Amino acid sequence: MTEGSILINNGYILTMDDRREIIKHGSVYIEDGKIVELNKTDNMVKRTADVVIDAHHKLVMPGLIDTHMHLAQALIRGCADDVSLVDWLKKYVWVLQGNFTEEDGRVSTELCMAEMIRTGTTSFLECMIHSRYGFNGIAEAVEKAGMRAALSKIIMDSTGYADSEDIMYDGMIESKDECLRETEDMYQKWHGNAEGRIQVWYGLRSLGAVSPDLFREVSRLAREKQTHMTMHLGEVVDDVRYVRENFGTNLTGFARDHNLLGPDMVFAHGIHFEDEELEVLAKTRSNIAHCPASNTKLASGFAKVPKMLKAGVPVSLGCDGGPSNNTYDMVREMRLAALIHKPVANDPLVVSAEQVIEMATLGGAAALGLSDKIGSIELGKLADIILVDLDDIGLTPASNPVSNIVYSGSGYAVDTTIVNGQVLMQGKKLLTLDEEEIKRKARFHSERLLERSGVDISPKWPIR
Ligand SMILES: [Zn+2]
């Protein structure tokens with residue numbers, strides 16, 4: 001529940017407004033979930049608040065927004081390290097996820113959210129909820145934890161992936177009718193629910209797993225409902241081959257022909273676009289969720305982020321999942337996003353700390369269709385705010401907190417997380433979730449899941 005009023009005093013405030021103004025020794029006053037006053041602490045209207053937070057030595061910034069992640073993969077963190085993508089999917093990830101129970105889905109969601117709140121993420125886009133994870137349990141967990149989320153129900157009607165046919169693990173297969181019916185049910189039940197914090201989207205699985213007709217049907221349904229869509233696109237080079245061989249076009253050509261371009265679409269990864277396609281993405285305001293950790297770990301390639309930014313493509317950031325990252329820490333994701341493009345471009349000026357923070361806040365808000373509500377600290381916006389401890393040893397001295405948080409930070413320097421005017425963490429202590437209980441349940445369920453699915457992920461070295 002939203003607290004009545006919160007006053008944050010004496011912080012170093014990154015507003016992320018149009019001018020990117022920073023307020024030193026600044027205050028934010030929040031009432032009924034919204035930012036009501038923002039000023040130098042000395043110039044604030046004198047008033048009391050239900051919760052007063054001293055932000056001395058703290059960076060006060062918009063909450064981080066993760067635009068591509070898998071809730072169910074927190075429980076299988078570290079299950080497939082240093083293996084090829086096909087093995088990663090077929091021998092580990094799909095087998096484990098294909099053995100999930102609804103209880104596993106809920107436990108994984110809680111574990112994932114505990115990590116996200118601890119590390120400063122306030123909103124996230126879960127890209128594909130399989131019915132076996134239990135959509136209701138997941139949405140209830142989000143409601144209770146207090147986070148803001150777009151929850152996408154998985155959409156599929158075939159068992160391929162990119163240009164490989166029939167490779168999906170049995171437990172991961174759903175029929176078109178099941179997918180559409182459950183999305184409709186969940187949309188009716190949860191869209192706009194939990195004080196407006198939950199949206200229900202369509203999560204198109206990927207090329208090869210969705211037929212051309214279903215792509216068109218879903219884009220029509222999503223637009224009828226005015227909800228959004230997301231899908232993995234151009235993560236693997238096989239995607240390019242698939243559209244070239246079957247449709248005689250490129251990735252954006254395929255997306256255009258199936259009505260998938262627009263501000264209501266988030267393409268995850270988007271590595272293998274040609275240069276000339278970037279203009280199409282920019283013109284149609286189609287969002288890209290850049291996932292640098294996942295793309296490097298699976299050797300998928302380097303998204304053309306410097307060129308995307310130059311072309312005006314809306315870019316945001318995503319942690320992807322427990323087996324591909326293997327964290328849900330957006331601060332570490334920011335660091336990687338700022339680092340990996342420099343050697344590729346042979347230019348240390350590309351993808352600056354400032355641009356990376358923009359991706360993680362404003363870019364994320366645009367991807368979620370919430371630019372008028374979140375992504376910056378401005379009057380009238382919803383209070384999704386984090387406080388980072390600049391007294392953290394790894395951030396000291398913090399002469400330039402903007403570059404410090406990107407290049408020196410980890411999410412565990414986040415001290416306070418506020419969503420919709422509710423304090424979810426203060427002094428690094430979770431307030432809406434029981435961290436110890438979640439860890440205990442996660443260990444228990446992970447052990448059972450590994451046993452049930454027969455997947456061995458013990459270390460390669462001898463153990464005695
Ligand atoms: Zn993914």
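**Helix α2 and its partners**

I began with α2 and helix α15 (residues 435-453), which pack at an angle of about 135°, their axes 9 Å apart. I kept in mind that this model is predicted.

What do I call an angle like that? Roughly antiparallel needs an angle over 145 degrees, so α2 and α15 count as oblique to each other. I also noted the handedness, and the crossing of α2 and α15 is left-handed.

Next I looked up which residues touch. From α2, I listed Glu103, Asp104, Val107, Glu110, Leu111 and Ala114, and they meet Glu435, Ile438, Lys441, Ala442, His445 and Leu449 in α15. I sorted the residues of this contact into six nonpolar, one polar and five charged.

Then I turned to the other pair. Helix α2 (residues 102-118) and helix α3 (residues 135-145) have axes that come within 9 Å and cross at roughly 30°. Angles under 35 degrees count as roughly parallel, so that is my label for α2 and α3. Here I wrote down a right-handed crossing, with α2 passing α3.

Which residues of α2 meet α3? I found Glu102, Gly105, Arg106, Thr109, Glu110, Met113 and Ile117 on the α2 side, facing Gly137, Ile138, Ala141 and Ala145 in α3. My tally for this contact is five nonpolar, three polar and three charged.

Technical notes: Residues are numbered from 1 along each chain as its sequence is written. This is a predicted model: local features need pLDDT of at least 70, side-chain atom pairs count only at pLDDT 80 or more; totals for chains, interfaces and linings use all residues. Axes are lines fitted to C-alpha atoms, for helices over the stretch in contact, and angles run from 0 to 180 degrees between N-to-C directions. Helices (H or I, at least four residues) and strands (E, at least two) are DSSP runs, numbered from the N terminus. Angles under 35 degrees count as roughly parallel, over 145 as roughly antiparallel, 65 to 115 as roughly perpendicular and the rest as oblique. A crossing is left-handed if the near helix is turned anticlockwise from the far one by less than a right angle, and right-handed if clockwise. Two residues are in contact if their C-beta atoms, placed from the backbone, lie within 7 Å. Ala, Val, Leu, Ile, Met, Phe, Trp, Tyr, Cys and Pro count as nonpolar, Asp, Glu, Lys and Arg as charged, and the others, Gly among them, as polar.
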